[in-house]
Amino acid sequence: MRVRLRFGKLGKLRWTSHRDLARMWERALRRARLPVVYTGGFSPRPKLSFGLALPTGAESTCEYLDVELDQPDVDVEGLPGLLTPALPAGVDVLVAGGLEERAPSLQQEVTSCQWELEVTGWGPPELERAVGTVLQRSSLTVTRERKGHAVTDDIRPAILHLAVGVPSAAAGEPGPPPAPPAEEGEATPGPAPVLLRAELATQPRGLRPAELLCALGPGLEEVRVRRTHQWIERDGARWEPLPLGATDAPRALERVS
Amino acid sequence: MSSLWPRIEPLLAKVQKPARYIGCEDGAQQPVHSPGTVSWLLVYPDAYEVGLPNQGLQILYEILNERADALAERAYAPWVDMEALMRQRGVPLFSVDTHRPAGAFDMLAFNLSAELVYTNVLNCIDLAGVPVRGAHRDQTHPLVVAGGHCTFNPEPLADFVDLFVIGDGEEVAGEITQVVGQWRSSPRPMPRQAVLRELAHVAGVYVPSMYEVAYDGPRIVSVAPRYPDVPERVEKRTIADLASWPYPKRQLVPLTEVVHDRLNVEIFRGCTRGCRFCQAGMITRPVRERPAEQVRRLVREGLDRTGYDEVSLTSLSSADYSGIDEVVAGIIGDPECSGQVSVSLPSLRVDAFTVGIATEIQKVRRTGLTFAPEAGTWRMRQVINKLISEEDLYGAVDGAFSQGWRRVKLYFLTGLPTETDEDTLGIAELARQCVAVGRRHTRDASVTASVGGLVPKPQTPFQWFGQVPVAEMRRRIGLLRDATRRERGVALRWHDPEATLVEGLASRGDRRVGAVIEDVWRGGGTFQEWSERFDLGLWEQAVAARGLSFDWYVHRHREREEVLPWAHVSAGLHQDFLWHDWQDALAASGVEDCRWTPCYDCGACTGYGLEHVVASPVPPAGGSQGTGQDLSRGGAVPVELLHRRPLEAGV
């Protein structure tokens, strides 16, 4: 049977790459002794399918993994409790759900991602102005690198939503983690970061948060970037591949801090 | 002391592979620092992905953290991009476990596995905020320690390292902890030199500042202790029984890509094959096997805990382990291991038996097979005492290709004593023959011959041999290129002879070479073992500036009477044994493996009251390499091994 898992990637683990994460999952599934279906051939690998790669350095509360299991009656609800201890602290399985055999892949389905970006370099007023300017434009042509080649195209259509935000905890959403605990020592110097909320399209060519900051102007530096939602647009409505239960996200944040 | 993490994290977005710096591996520890605890920072002076898997470091990490009076964290050399940012922002070298500054530890302990990392050692000491020269340090600084195979010639680093550990570190790490703990807790601060003198009394510890070297021109006249209570010779430490040290128990599982990313279980330590070029085989005697039951338990528990699907049974020659076939079959057949586990044996022996095991264990994932005949002709292999007959090699290669492998890799050395062009070209001939054998089974059989230049190592019979110069190494590689260019199926790879030259300097240098290492480091020459960073020009300049010469240290044949720079450090091997073995080499005469034959008193057992710990009294099955050798012709016929050494050719 096919199973979809939603997991978070928080804390120091954000500095691992997408490939690193795939290896962590392979080991975790073996540790949990789940009967994962393997590919054939001389170099068999477990059949895992991840959604859109998260940039190295970004956090997330909405990563997805589809796994094919060689067993018809898996206790799907028990999977988060089984898998989370087998994963490094910072990667927590939040929800699990069964998946139809013919369900389309995450890569095909997801149309946009929602991001929270904590940035420094500019104060809130400057950032407000830059955001306003970008949103007023009908097109925004930039040159960026894709697979080693320079690509010039219009990124404006990929910016679905952009705003300088209030701290997200106040808005009732999973927000940035609390300040590092006292034992972490010296505080980060410099002015407080400003929060930017963005929804960026993933198709036909996705826009990355770092590229968005580049387009806003020079001197902006990201302090923390977090993906909070991946959206599927279907029949005029927006869906999450697996919605988060109301109590799950805060628990994940506790474990990593 | 607080964590540097808030100052480290902002740098990570700007560097390659930031996961090198975060720690968080499964098995990582977060020890609690307190005044009564001796804190060790175990530093691997190379990039994280090379250093993390190092088993020696992981063993000490666990043993020290199990002690009530010690704790240990880890650090790795930051890559050049990270180092530049750290220096720019004033961030010192840090541990990856709690991100504590390196200078806040009591001990900075380096693992020395290869000579080309020496400049990185200086760089790490400097990044820790500690003076690079021992003479400039005071009570506020950590003690700088080094262990690992390179310490069998500690002299090139003598000015930078306060104390060296010679041999196995399992026991001595605790003894050093006790001395340092007393020093740290003494009400009146003892001067640094006093604690170092105390440490010089610990068996296996070499404190270079307690010794005076006298020179006559370029020659060393003597290396003598400054004080009567300091030993004239430092004897290596050897743990008698590997079964008492079932470590690592919780092998670190990295979060990012590293070399040897799999479970490693050490099945024995030491090797008595007696390959004359092999320093590891000479300095780690005798053979100490881990009991099969313990091996099985470490494998099962390790796989369960880590989720790895590959285990490597490590040693210097794993097919020589008593009953290796049963152990391997046990792992493959263990239902607990769920049938998806592959086993790898580093350094495969060259014979059909070994290929049989390889076939068994690589059912799951079949990559290339690697053999190390090391030399191209039987005469040459007798010189280096790597007694593989051509029948053995072709039998192994035939086995490999018949079992479905399509690529075989062969390791060779050039620049060997008495090597002629015929011997060199023998490498191409062997490779060609191996392809021909492979073609019987598959049309696209390919053989890669990988050729390295010999670096004569201290504490081996070749320590007196003058290393072949770069130009001559190049000529020999050229011969091989010409000979293999038109050979379908043969690919030739070679090691940079310039790097080999510098390895030679660092391997057999004395204290005066330390200034060269310092100059190269100050000139920006870090990560010299990385070909894209290696810079021969820096080394040549420094050697010239210090009035030294490569000829003296590297290319010159040494004399029996001269005082070798490392003579006051002992691996237990009698100098007479090494010299006679060197003479046997020149006479192209091989010696047997003493594990299964009468002792020829090299000194490693008798001098320390040790014995081989080997489960099987008879040699393993296989070709001539396994059953003892008919040294007169290298045939595969087993012979009765009654001779005492040395066996002359033709006996």
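The largest share of the lining of the largest cavity, 4 residues, is contributed by β10(B), where strands (E, at least two residues) and helices (H or I, at least four residues) are DSSP runs numbered from the N terminus. The model is predicted, so that local features require a pLDDT of at least 70 and side-chain atom pairs count only at pLDDT 80 or more, while totals for chains, interfaces and linings use all residues. Residues are numbered from 1 along each chain as its sequence is written, chains are lettered from A and ligands numbered from 1 in the order in which they are written, and side-chain values use heavy atoms, with hydrogens and water left out.

A cavity is here a set of points, on a 1 Å grid over the protein atoms alone, where a 1.4 Å probe fits but cannot get out, and its lining residues have an atom within 4 Å of a point. Grid points are joined across faces, edges and corners, and a volume is the space filled by probe spheres set on the points. By this rule there are 10 cavities of 30 Å³ or more. The largest cavity holds about 110 Å³ of space and is lined by 13 residues, of which Pro248(B), Leu263(B), Asn264(B), Val265(B) and Leu298(B) lie nearest its centre. Two or more residues of this lining come from each of β10 (263-266) and α9 (292-306) of chain B. By class, the lining of the largest cavity comprises 5 nonpolar, 4 polar and 4 charged residues, with Ala, Val, Leu, Ile, Met, Phe, Trp, Tyr, Cys and Pro taken as nonpolar, Asp, Glu, Lys and Arg as charged, and the others, Gly among them, as polar.

For the second largest cavity the volume is about 90 Å³, and among the 13 lining residues Ile220(B), Trp552(B), Arg556(B), Glu562(B) and Val563(B) lie nearest the centre. The elements that give two or more residues to the lining of the second largest cavity are β8 (219-225) and α19 (550-555) of chain B. That lining divides into 6 nonpolar and 7 charged residues, with no polar ones, and it draws at least three residues from each of domain 1 (5-235) and domain 2 (262-512 + 548-583) of chain B. Chain B is divided into these two domains, with bounds that come from an automatic or database domain assignment. The C-alpha centres of domain 1 and domain 2 of chain B lie 30 Å apart, and their contact (heavy atoms within 4.5 Å) takes 34 residues from domain 1 and 34 residues from domain 2 of chain B.

Strand β7 (residues 211-216) of chain B pairs with β8(B) in the antiparallel sense over 6 bridges, two strands being paired if DSSP finds at least two bridges between them. Asp216(B) has Arg219(B) as its bridge partner in β8(B), and in this hairpin, which has 2 residues between the strands, Gly217(B) adopts a positive phi near 65°.

In chain B, 4 strands form an open sheet with parallel pairing in the order β15-β16-β17-β18. Because β15 (369-374) and β18 (490-494) of chain B each have a single partner strand and stand at the edges, one side of each is left without a neighbour in the sheet. The twist averages 25° from one strand to the next, where axes are lines fitted to C-alpha atoms, for helices over the stretch in contact, and angles run from 0 to 180 degrees between N-to-C directions. Strands β16 (residues 407-414) and β17 (residues 446-453) of chain B run parallel and are joined by 8 bridges, and Val408(B) finds its bridge partner in Val447(B) of β17(B). Helix α13 (residues 390-402) of chain B packs on the sheet, where it touches β15, β16 and β17 of chain B, and its direction makes about 155° with that of β16(B). Helix α15 (residues 470-484) of chain B lies across β16, β17 and β18 of chain B and runs at about 165° to β18(B).

Strand β10(B) belongs to another open sheet, in which 3 strands of chain B follow the order β10-β13-β14 with parallel pairing. Strands β13 (residues 310-314) and β14 of chain B are joined by 3 bridges, with Val343(B) in β14(B) as the bridge partner of Val311(B). Helix α10 (residues 324-333) of chain B packs on this sheet, touching β13 and β14 of chain B, at about 165° to the direction of β13(B).

How values were computed:
1 Å grid on protein atoms, 1.4 Å probe; cavity = no way out; pocket = protein on both sides within 12 Å on 5 of 7 lines; lining within 4 Å.
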